[in-house]
Amino acid sequence: MLASRGDYSIRLAALAGDQQPLDDACPCRVCSRYSRAYLRHLAVTGELSVLRLLSIHNLTYTLRLMAGVRDAIADGRFAAFREEVEAGRESTQSGEGLP
Ligand SMILES: [Zn+2]
């Protein structure tokens, strides 16, 4: 599952009681309606609807990222944009941001 703070598996046991959205920076309808705990429940119980919901989120994430890349290139600030994106993802890899 793609997220601005770093990718993670929706099946993580630590998400079982997590009422946060998949990605608090994402405006998609999945993040605005469903919690990580609910989506994890759908995944571990084999509900196929989770595949559609995660696809909606992942496509939204990817389209927003690519729009940011296009804007950064057009404005001549791609290197700074890349550093911003990587810094946000690194915060998760060090243990921050995710349960
Ligand atoms: Zn989302």
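Predicted model: local features only at pLDDT ≥ 70, side-chain atom pairs only at ≥ 80, totals over all residues.

α2 and α3 pack with their axes 8 Å apart and at an angle of about 135 degrees. Angles over 145 degrees count as roughly antiparallel and those from 65 to 115 as roughly perpendicular, and the pair is therefore oblique. On the α2 side the contact is made by Leu39, Leu42 and Ala43, and on the α3 side by Ser49, Val50 and Leu53.

Helix α3 covers residues 49–74, 26 residues in total. From its first C-alpha to its last α3 reaches 38 Å, close to the 38 Å expected at 1.5 Å a residue. The buried residues of α3 are Val50, Leu53, His57 and Tyr61. An α-helix has 3.6 residues a turn, so residues three or four places apart point the same way. After α3 comes Gly76, which has a positive phi near 70 degrees.

The chain as a whole contains 4 helices and 0 strands, in the order α-α-α-α from the N terminus. Its C-alpha atoms fill a box of roughly 45 × 25 × 15 Å along the principal axes. Of its 99 residues, 14% count as buried. Among contacts between residues at least 6 apart in sequence, 51% join residues at least 24 apart.

Key. Residues numbered from 1 in each chain as written. Helix = DSSP H or I, 4+ residues; strand = E, 2+ residues; numbered from the N terminus. Expected span 1.5 Å × (residues − 1). Buried ≥ 20, exposed ≤ 12 C-beta atoms within 10 Å, placed from the backbone. Contact = placed C-beta atoms within 7 Å. Axes fitted to C-alpha atoms, helices over the stretch in contact; angles between N-to-C directions. Parallel < 35°, antiparallel > 145°, perpendicular 65-115°, else oblique.
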